[in-house]
Amino acid sequence: MENNESQTFESRIDFAGLYESAIGARSEISKAIVGLDKISDLMMVALLSNGHVLLEGVPGVAKTLMAKSFARIIDADFSRIQFTPDLMPSDVIGTNIFNPEKSSFTFRQGPIFSNIILIDEINRAPAKTQSALFEVMEERQITYDHHTYLLNEPFMVVATQNPIEHEGTYRLPEAQLDRFMFKLKVGYPTTDEETAILLLHHQPQSSQKPVDSIQPVITQTQLVTHKANVGKVHVEQKLIDYIVSIIQHTRTAKHIYLGASPRAAVACLQASKALAALSGRDFVTPDDIQYILPNVLRHRIILTPEREMEGASADDVIKQMLEKVEVPR
């Protein structure tokens with residue numbers, strides 16, 4: 001019966017173009033990066049869901065390269081902002097410049113006015129600069145000097161941070177973390193993957209870097225169509241109740257000091273729909289939700305000091321929580 005239902009859904013919504021775009025994106029990214037297919041797929045999910053992504057990992061695991069490679073597969077504008085302790089909000093959003101010819105001020109847009117924005121080492125800027133991202137990440141607009149400036153679509157922030165080094169870094173405010181749809185952990189490669197990385201760099205040297213060979217595979221028009229199709233993905237009421245139950249559980253669990261916000265529930269819903277679409281289905285399954293949830297919740301919950309002293313991580317608690325909440329059938 002499930003197969004018949006799937007065929008009915010497929011006849012109503014054509015995901016062929018989205019599937020081809022996803023395959024093309026993975027193929028292009030693989031020209032420069034080895035072993036991060038899961039990361040690139042989840043970044044595609046975030047793009048289709050109007051979400052932002054935080055990449056966390058130790059130095060040298062290709063976080064920045066992943067963000068740059070992903071930006072290249074979209075036929076859109078790209079900008080990079082290197083966060084430092086002396087960076088000011090105006091360095092991000094822009095500032096008014098005096099025009100002597102007109103005897104007036106003109107707003108000069110900052111690098112945040114782009115489509116795909118890479119914020120490298122986001123935790124190196126203080127809270128004052130972090131606050132410049134609050135409005136733009138949530139509302140996709142900038143308010144400066146009583147004027148509001150709307151940003152063009154698509155708009156996606158991909159930020160990187162190092163969880164190990166603490167000197168010269170600032171802890172991201174909870175309000176800032178909550179604006180990221182996903183926090184993705186970029187780990188060390190496997191033995192085979194690291195061998196493939198070395199072979200990639202062992203090729204005869206040329207003037208062109210591997211990342212420069214990545215070509216766009218998704219136009220802005222195609223992206224609009226893909227997002228519209230994702231919005232049509234069906235979610236049964238029992239699955240919506242399932243998401244709500246899990247989010248509510250984060251607020252009552254004794255090992256969690258701070259639970260997830262309603263924004264987390266919305267992120268889980270939208271991302272599950274995008275994941276289903278990328279799988280060629282226009283209906284969400286419990287497996288979609290369970291796959292998405294750790295990436296949505298790991299940066300939104302705070303464990304109690306006692307649980308942290310026991311050596312537990314957010315992922316451990318999320319896994320235990322998913323085992324306790326009844327899965328709908």
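Strand 8 (residues 156-161) is mostly covered in this predicted model, with 6 of its 6 residues buried. Strand 1 (residues 53-56) runs parallel to it, and strand 5 (residues 116-120) also pairs with strand 8 in the parallel sense.

**Strand 8 and its partners**
- Met156, Val158 and Thr160 point one way from strand 8, while Val157, Ala159 and Gln161 point the other way, and all are buried.
- Strand 1 is joined to strand 8 by 4 bridges, and Val53 stands opposite Val158 there.
- Strand 5 likewise pairs with strand 8 over 4 bridges, with Ile117 sitting opposite Val157.

**The nonpolar cores**
- The largest nonpolar core has 76 residues, and Phe182 and Leu297 have the most contacts inside it.
- Helix 12 (residues 262-278) puts in the largest share of this core, 10 residues.
- Another core, of 25 residues, lies apart from that one and counts Ile119, Ala132, Leu133 and Met137 among its members.
- Leaving aside neighbours within four places in sequence, Phe182 is in contact with a list of residues including Leu42, Val45, His52, Val53, Leu54, Ala271, Ile292 and His299.

**Gln130, a buried glutamine**
- Gln130 sits in helix 6 (residues 127-130).
- Gln130 counts as buried because its relative accessible area is 1%, and the cut-off for buried is under 20%.
- Setting aside neighbours within four places in sequence, Gln130 is in contact with Phe83, Ile122, Asn123, Ala125, Leu172, Pro173 and Gln176.

How values were computed:
Residues are numbered from 1 along each chain as its sequence is written. This is a predicted model: local features need pLDDT of at least 70, side-chain atom pairs count only at pLDDT 80 or more; totals for chains, interfaces and linings use all residues. Side-chain values use heavy atoms; hydrogens and water are left out. Helices (H or I, at least four residues) and strands (E, at least two) are DSSP runs, numbered from the N terminus. Buried means under 20% relative accessible area, exposed over 50%, partly exposed in between (1.4 Å probe, protein chains only). Contact means heavy atoms within 4.5 Å. A nonpolar core is a set of buried Ala, Val, Leu, Ile, Met, Phe, Trp, Tyr and Cys residues joined through side-chain atoms within 4.5 Å. Two strands pair if DSSP finds at least two bridges between them.
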